[in-house]
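Here are my notes for you on this model. Have the sequence and the 3D view open while you read.

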Amino acid sequence: MQLPLRDAPESICILRLSAIGDVCHTLPVVRTLQAHWPQTRITWVIGRVEAELLGDIPGIEFIIFDKADGWRAYRSLHAKLRGRRFDVLLLMQIALRASVASLMLRADIRLGFDRARAKDYQWLFTNARIAARERQHVMEGLFGFAEALGIEERVVRWDIPQPPAAVERIATLVPADKPLLLISPCSSDRRRNWRNWSPDRYAAVADHAVERHDMQVVLSGGRSDQEKAMGRAIAQHSRHHPRDLIGQTSLKELLVLIDRATAVIAPDSGPAHIASTVGTPVIGLYVTSNPSRTGPHCSQQWVINHYPQALQAELGLTPEEAPWGKRVRSAEAMSRIATIEVTQRLDELMRHILTSSN
């Protein structure tokens, strides 16, 4: 069996464990494979948290790899896949953990990234590589796997199921009588708190949404102490007390909530990418990472981008000079975004929505 494939394979295994944003970027590639080869069996090895969002998609066999189990996760994966062999493995994650996990399964073609992008020695775990491309958005790069298989068309859709129980719960929590601004204020990774904007500025934007656009404002996020503290701080600075649902929703309920929202405001984080899956516009707050690489795929026009200025100030580089994907790790970087920039962008977005609906 050689690439590009001339005939439909019987089986394909996707190995993309995390994170939420990245599995959202992966799903359109999987939808493309399903559309092109509807009879091909597709298995996806995925992280436990990510499976909470995607694991009920019909037509895909999901096998959970829980990194919290340490070495036992590899043993469990080996047991689940014992005796099986795939025609193609798509190793779509550049991380040593994922590469080691790939040793637990057998495949004729083990397709990974090109040598320039195959970080953490991924090239040692593959026998085929996608075409080299420079400076692509993450999702564009992942479509390179479909192209390597011989599929040129793209099916950019997600169709993530929304369970009735999740829909009903969000309906009870958030009335549908006003437009909804959803603020997801934090990156959930504690090591990446340099992505987080300040609570007083989030509060000022929330107040503006209420007073200027008669919106209801809801805060969302995970269960970490950092995120809960951010929610309390935003409420303390706000005149209109947004509804704080941080730590109170499952991933499926968050999906429903984002779908229900008129707009989302978030830094570079999972909820910004979940919004793309349901077509909700995102005002992305980007300073520490390059939105051309990791910005919300369907909302690039609404992103507030101070990455070039931060990169120049912190590292003395332009985006063209910096390695693709270079991050700015400075706790003060997000202060480059002024409140008025976000309120003006929200005004622009609401005008756009109103114009489009007429």
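1. Ground rules first. This is a predicted model, where local features need pLDDT of at least 70 and side-chain atom pairs count only at pLDDT 80 or more, while totals for chains, interfaces and linings use all residues. Residues are numbered from 1 along each chain as its sequence is written, and side-chain values use heavy atoms, with hydrogens and water left out.

2. The sheet. Six strands make an open, parallel sheet, in the order E3-E2-E1-E4-E5-E6. At its edges sit E3 (61–65) and E6 (128–129), each pairing on one side only. Strands here are DSSP runs (E, at least two residues), helices are H or I runs of at least four, and both are numbered from the N terminus; pairing takes at least two DSSP bridges between two strands.

3. A pair to look at. E4 (residues 85–91) and E5 (residues 106–112) run parallel, joined by five bridges. Find Arg85: across from it in E5 is Arg106.

4. Asp207. Beyond neighbours within four places in sequence, Asp207 is in contact (heavy atoms within 4.5 Å) with His237, Ser238, Arg239 and His240.

5. Helix H10. Eight of the nine residues in H10 (residues 270–278) are buried, so the rest of the structure largely encloses this helix. Its buried residues pack against several elements, including helix H1 (20–36) and strand E10 (263–267). Just after H10, Gly279 has a positive phi of about 75°.

Notes:
Buried < 20%, exposed > 50% of the residue type's maximum accessible area, 1.4 Å probe, protein only.
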